Amino acid sequence: MKEGWEYKKLGEVATEMYRGSGIKRDQVTKEGTPCVRYGEIYTTYNISFHTCASHTTIESITSPKYFEHGDLLFAITGESVEDIGKTIAYLGNEKCLCGGDIICMKHHQNPKYLAYALSTPDAIRQKGLGKTKLKVVHTNAPALKAISIPLAPLSEQQSIVDYLDSAFAKIDAMKANAEKRLNEAKALFQASLKKMLEPKEGWKEKTLKDISIISGNYGLSVPSTEYNGVRYLRITDITEWGDLNDEKVSAKLDEEKEQELLEEGDLLFARTGATVGKTLMYKEEFGKCLFAGYLIRYRLNKKMVLPNFMFYITHSDNYYKWVLENQKAAAQPNISAKLYNDYVVSFPSIDEQQSIVAALDSLKSKVDR
């Protein structure tokens, strides 16, 4: 601890802490009194902000609560232990309405310094103490008041804020440059996909059902049991390029239901929801796996089409266009097994498929790097 610094609990730092008043979504307007709703603390604001993204009419709010320049806002309801109690500092000059599930804190310190101090790993750990990972996580004023932070002398706080602002500005610039390069690399990869998968003379055309040994095979419902070495692959496990998340849901082998473990190269298609059309290719390195109900399995005839070749087809712009044109939108987007079965695949000889896959694998590894 530096000379002149001390650890203090927020209860000692705060001059006042109070909870905001609920502002419903249908009470948000384009003009009127500026306001902040608790969800916006997670989605719209970072460490500090000067203007509110939302407005409302003061007449529609029961027992309105305000925040002003320098106040801290805490989101006291959230979806995860790690995010609960996210803190932002208001640096604007208007008097604004504080929404429900927000705690406003007044103080005599540098507001941005406090926001930075309350974003450190240690502060985040303290915010999560005693919280459990349920669908919704809550905290409250007494829990926030117990959080201990390093408090520099007021005369030093601004120089620390300036240093951190400069560092984060450089990080943001690096991230923007990296994202630009990544987008350029992805565009190059999609252009290469389009060129390499463009049907040429001698290529065959068959439906997905015609090139599959198993087609349109639906998964089973997922029981809530502890992971036991056999994993269900679910619609939520499908990432952009076929990696799996770390969360494992146990699958129970039941011979009476004729359950069959996935085999190397099996392709799983998401048939409903926000991920409709996304694909996952099973690899033995995933371990023993079954697959869940919102997925459809295809096992290709590898003498006709290689799974890797088909996997690349399902990541091309032409395939994405087909998904958008064919998904039905009832309660939520969906594609039936019949539609997948009728998807037309253009493919060359196995030797040429292997060459295309090797070239795309090499290019993809460069994009990943």
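Start with the pocket where α8 is the main contributor: this helix gives the most to the lining of the largest pocket, with four residues. Keep in mind along the way that you're looking at a predicted model.

**Stop 1: the largest pocket**

This pocket has a volume of about 320 Å³.

Now zoom in on Asn318. You'll find this residue in helix α8. Is Asn318 buried or exposed? Asn318 has a relative accessible area of 52%, and exposed means over 50%, so Asn318 counts as exposed. For a sense of scale, draw a distance line from the C-alpha atom of Asn318 to that of Leu208: the two are separated by 15 Å, while 110 residues apart along the chain.

**Stop 2: the largest nonpolar core**

Keep Leu208 selected, as it belongs to the next group. The largest nonpolar core has 36 residues, and the ones that touch the most other members are Phe189, Leu208, Ile211, Phe309, Met310, Tyr340 and Tyr343. As background, nonpolar side chains tend to be buried together in soluble globular proteins.

Pick Phe309 and show what surrounds it. Leaving aside residues up to four places away in sequence, Phe309 touches Leu197, Trp203, Ser346, Phe347, Pro348, Gln353, Ile356 and Val357. Apart from this core lies another one, of 24 residues, with Ile76, Ile103, Leu151 and Val161 among them.

**Stop 3: strand β8 and its partners**

Select residues 72–75, which form strand β8. Leu72 and Phe74 point one way, Leu73 and Ala75 point the other way, and all are buried. The strand pairs with β10 in the antiparallel sense over three bridges, and there the bridge partner of Leu72 is Ala89. β8 also pairs with β12, again antiparallel, over four bridges. Across that pairing, look for Ile103 in β12, the bridge partner of Phe74. Ile103 is also one of the residues of the 24-residue core.

**Stop 4: helix α4**

Move to residues 121–128, helix α4, and show its buried residues: Ala123, Gln126, Lys127 and Gly128. What do the buried residues of α4 pack against? They pack against β10 (87–90), α3 (111–117) and β14 (148–151). After the helix comes Gly130, with a positive phi near 80°.

**Stop 5: the second largest pocket**

About 230 Å³ of space lies in the second largest pocket. To see the lining, select Asn46, Ile47, Tyr116, Ser119, Thr120, Leu164, Asp165, Phe168, Ala169 and Asp172. Helix α6 provides the largest share here, five residues. By class, the lining divides into five nonpolar, three polar and two charged residues.

**Stop 6: an open sheet**

Next up is an open sheet of five strands, in the order β3-β6-β4-β11-β7 with mixed pairing. β3 (28–29) and β7 stand at the edges with a single partner strand each, so one side of each has no neighbour in the sheet. Now select β4, residues 33–36: β4 and β6 pair in the antiparallel sense over three bridges. Within that pairing, Pro34 stands opposite His55 in β6.

Most residues other than glycine have a negative phi. Select Ser63, in the loop between β6 (54–56) and β7 (66–67): it isn't a glycine, but its phi is positive, about 50°. Then hop over to Asp101, in the loop between β11 (96–98) and β12 (102–107). Asp101 is not a glycine either, and has a positive phi of about 60°.

Note on methods: Residues numbered from 1 in each chain as written. Predicted model: local features only at pLDDT ≥ 70, side-chain atom pairs only at ≥ 80, totals over all residues. Heavy atoms only, no water. 1 Å grid on protein atoms, 1.4 Å probe; cavity = no way out; pocket = protein on both sides within 12 Å on 5 of 7 lines; lining within 4 Å. Points joined across faces, edges and corners; volume = space filled by probe spheres on them. Helix = DSSP H or I, 4+ residues; strand = E, 2+ residues; numbered from the N terminus. Nonpolar A, V, L, I, M, F, W, Y, C, P; charged D, E, K, R; others polar. Core = buried A, V, L, I, M, F, W, Y, C linked by side-chain atoms within 4.5 Å. Buried < 20%, exposed > 50% of the residue type's maximum accessible area, 1.4 Å probe, protein only. Contact = heavy atoms within 4.5 Å. Pairing = 2+ DSSP bridges.
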